[in-house]
Amino acid sequence: GRLEAVTQQMGYHPQYLDSFLKTQHYLMHMDGPLPFDCRHYIAIMAAARHQCRYLVNLHVLQFLRAGGDPQWLRGLDFIPPKLRNLNEINKILAHRPWLITKEHIEKLLKISEWSWSLAELVHAVVLLAHCHALTSFVFGCGCEQDEGSGGRGLLKPLSPGNQCFCEATTGNGCSQELLRIHRKRSLDSCMELDSLRERVQRIHVETEGREETRLLQQDREEGEGQEVEVGVQDANFIALTCLRGSPLTDTDGEVTGATNLACYMQDPDFGYQDFARRDEDQTQVFRVQDYSWEDHGFSLVNRLYSDIGHLLDEKFRMVDGLQSSAMAKRQGCEPSVFKRGIWNYIHCMFGIRYDDYDYAEVNQLLERMLKVYIKTVTCYPEKTNSEMFDRFWKQFKHSEKVHVNLLILEARMQAELLYALQAITQYMI
């Protein structure tokens, strides 16, 4: 299964993994405002902003499994305007969430043929924030696989030896039921991937056969050739060709080539800018005392997208409750103080401030290389490199490395949600 690398890393903290999988399953596969194929396409758009081939390829396969139109995989120019209109908020949320305003929300909700409902938009926003944050974890833990010549492959997957996910987590108290589910998912995913590969090969052969027939007929008609109509099988071939880049095959008959991520995003040069260097007149600092997850965001998201608020809240609390005594001891402080320093530092990079926190503690608690690593994984994860990874992680256990990346994932996700939900609240007022 393509998610094995992520689940294996999160398996060092099985209680969190269970909460994460429940949330992701609810977002992608349970009843909700958005159609299933649209959910996976939104995930593709979100992961593409950070050039995360691992997640893009995963959701392309899930998109096809959900019955999505293969033509959509040719890029944003081939999707319905309603989905394409989400591109602006996706771009801003991924890189500079403090720029989101109620005008962005109003533009999506305005009455027209392609307008969004409030419930649909909340579902989409949670999906975008979830996938943006997950790309940080993927790059931060080295889960990004080498997808061919265009793949990054800078970090090796940090699996403990050659153990599979089930073996790695059994000793950590992960339930047998959860392991059984993962074994089944992994087997099903592998079988489906093999089926897709066979389908690509079959369609490729049939397409070549039709092309040869067409050329022969063209010769017989003395140059007055006719164009081949693109049928369902041709469309599937186009889609799966887009998935793997070029329609080349290796000696084993597997499709090769890197995914072309540029087709899934516009304005690729738009990226993170330091919030501290902003124009003072342009943006105000976001104060948690005025709008917080506990007092405002939770109730809004839960009202418009039933039960997701409870799942997200459980996940936020779960990562806060993870044991980190050894990690904090290395930094010479209490576990809660160390975790709050990381959390508040991440929020500070997105312009979110806590009036009851002394930010001088951040420089005391977090050494320079740790801060550089956290900022890179949080703000531009695609720039994470092996040298940065190796220089920082020497004094930490592997489970502690994963713990820090889980803090980055959840803090970033909550930051994006706070800005988006505040803008929705302002629109509703």
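Is phenylalanine 316 buried or exposed, and at what relative accessibility? In this predicted model, phenylalanine 316 has a relative accessibility of 6% and therefore counts as buried, the limit for that class being under 20%.

In one of them, the ring centres of tyrosine 41 and tyrosine 264 are 6.1 Å apart and the planes meet at 80°, so the pair is classed as edge-to-face; the class requires an angle over 60 degrees. Tyrosine 41 belongs to helix H3 (residues 36–48), whereas tyrosine 264 is in the loop between strand S2 (255–256) and strand S3 (286–287), so the pair ties together parts that are 223 residues apart in sequence. Tyrosine 41 and tyrosine 264 are both buried.

An edge-to-face pair is also formed by tryptophan 293 and phenylalanine 316, with 5.3 Å from centre to centre and 90° between the planes. This pair links distant parts of the chain, 23 residues apart: tryptophan 293 is in helix H12 (residues 293–304) and phenylalanine 316 in helix H13 (residues 308–320).

One aromatic cluster is made up of Trp98, Tyr272, Phe275, Phe350 and Tyr380.

Charged side chains were also found over an aromatic ring. The charged end of arginine 96 is placed over the ring of phenylalanine 270, at 3.9 Å from the ring centre. Lysine 91 lies over the face of phenylalanine 270 at 4.7 Å from the centre of the ring.

Methods: Residues are numbered from 1 along each chain as its sequence is written. This is a predicted model: local features need pLDDT of at least 70, side-chain atom pairs count only at pLDDT 80 or more; totals for chains, interfaces and linings use all residues. Side-chain values use heavy atoms; hydrogens and water are left out. Rings of Phe, Tyr and Trp (its six-membered ring) pair if their centres lie within 6.5 Å; planes under 30 degrees apart count as stacked, over 60 as edge-to-face and the rest as tilted. Helices (H or I, at least four residues) and strands (E, at least two) are DSSP runs, numbered from the N terminus. Buried means under 20% relative accessible area, exposed over 50%, partly exposed in between (1.4 Å probe, protein chains only). A charge sits over a ring if NZ of Lys or CZ of Arg is within 6 Å of the ring centre and within 35 degrees of the ring normal.
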